[in-house]
Amino acid sequence: MKPFQFKNFSILQEENVFRVGTDAVLLGALSSVKNAQNVLEVGSGSGIISLMIAQRNKNATILAIDINKKATQLSALNFKNSLYFNRLSAKNIDFNNFSSTPKFDLIICNPPYFDVTPQSNKDEIARQKIHLNFSDLIINAALQLNNNGIFSVIIPAESEVDFEELALRSSLYLSKKIIILGRENLKPKRLILEFKKEKSSPEISEFIIEKSPRKFSDQYLEITKDFHIFK
């Protein structure tokens, strides 16, 4: 499978690991990483989000975990081949069985979101809530997050109410919401949600991916200018 090429690093891909997609790029580019020194990515896949964080924050040390052994191996290889290899590590473990001391400044995840198994079983662990549902993800994130930390996810827009209610049960409070639209005037497609342990008035904004079919918006070009190679 053809590698995915960014300016500062490339991502090797393979058939049995979820490929690089727009959701991962948006989460890696838009999440609040500035003050994070100890970062955990849950469900690393190819490792692209961790690599983007490493590029954006030179002080961040990042642990990427995945239940899929092949994904962990692929992440580790992509980390090894990057400029940021000394600040990145990959571990094959189920988040439900994971614990760490010290806790994390940032926990980031592009989580599984399908409840029902599609006809094809390709990427079933990455796409479907088989081993990690929203409730388990949130409960474990709350346990592993330090008192000033941020929990950042990208989810389908229609999952917002359920996700925020589950977060409240774990005393995680919405601090930031980015409403992702495919194009202007279309229904929201995804949401980037960030949570903290302290209550605050959430920062809410909109982000448009395309200004017309197959033409990226100025917003998208701006937030990915340090990553994408645009022809």
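**Entry 1: helix 1**

I started with helix 1, where 8 of the 9 residues are buried, so this helix is largely enclosed by the rest of the structure. By buried I mean under 20% relative accessible area, with exposed over 50% and partly exposed in between (1.4 Å probe, protein chains only). The buried ones in helix 1 are Asp23, Ala24, Val25, Leu26, Leu27, Gly28, Ala29 and Leu30. My helices (H or I, at least four residues) and strands (E, at least two) are DSSP runs, numbered from the N terminus.

I am looking at a predicted model, where local features need pLDDT of at least 70 and side-chain atom pairs count only at pLDDT 80 or more, while totals for chains, interfaces and linings use all residues. Residues are numbered from 1 along each chain as its sequence is written, and side-chain values use heavy atoms, with hydrogens and water left out.

**Entry 2: the whole chain**

I counted 7 helices and 11 strands in the protein chain. What radius of gyration would a compact globule with 231 residues have? It would be near 17 Å, and the protein chain agrees because it has 17 Å. That radius is taken over C-alpha atoms, and the globule rule is 2.2 Å times the number of residues to the power 0.38. Along the principal axes, the C-alpha atoms fill a box of roughly 45 × 40 × 40 Å.

Of the 231 residues, 50% count as buried.

**Entry 3: nonpolar cores**

Nonpolar side chains tend to be buried together in soluble globular proteins. For a core I took a set of buried Ala, Val, Leu, Ile, Met, Phe, Trp, Tyr and Cys residues joined through side-chain atoms within 4.5 Å. Which residues have the most contacts inside the largest nonpolar core? They are Phe9, Leu26, Ile48 and Ile53, in a core of 36 residues. The elements giving two or more residues to this core are helix 1 (22-30), helix 2 (48-56), strand 4 (61-66), strand 6 (104-109), strand 7 (145-156), strand 8 (173-183) and strand 10 (203-212).

I then zoomed in on Ile53. Leaving aside neighbours within four places in sequence, Ile53 is in contact with Val33, Val39, Ala60, Ile62, Leu106 and Ile108. Apart from this core lies another, of 33 residues, among them Ala141, Leu166, Leu191 and Phe195.

**Entry 4: salt bridges**

My search of the whole structure found 4 salt bridges. The test is a side-chain nitrogen of Lys or Arg within 4 Å of a carboxyl oxygen of Asp or Glu.

- Lys177 and Glu160 meet at 2.7 Å, N to O. The pair links distant parts of the chain, with Lys177 in strand 8 and Glu160 in helix 6 (residues 160-169), 17 residues apart. Both Lys177 and Glu160 are buried.
- Arg183 and Glu210 meet at 3.4 Å, N to O. Arg183 lies in strand 8 and Glu210 in strand 10, so the pair ties together parts that are 27 residues apart in sequence. Arg183 counts as partly exposed because its relative accessibility is 28%.
- Lys225 and Glu222 meet at 2.8 Å, N to O. Lys225 is partly exposed at 41% relative accessibility, and Glu222 is partly exposed at 46%.

Most residues other than glycine have a negative phi, and most peptide bonds are trans. I listed some departures here. The peptide bond from Thr101 to Pro102 is cis, with omega near 5 degrees. Pro102 sits in the loop between strand 5 (88-92) and strand 6.

Asn185 is not a glycine, yet has a positive phi of about 75 degrees. Asn185 is in the loop between strand 8 and strand 9 (188-196). Is Asn185 buried or exposed? Asn185 is exposed, since its relative accessible area is 75%.

Arg214, also not a glycine, has a positive phi of about 65 degrees. The loop between strand 10 and strand 11 (215-216) holds Arg214, and Arg214 counts as exposed at 76% relative accessibility.

Leu221 is found in helix 7 (residues 218-223) and is partly exposed, with a relative accessible area of 32%.

Methods
Contact means heavy atoms within 4.5 Å.
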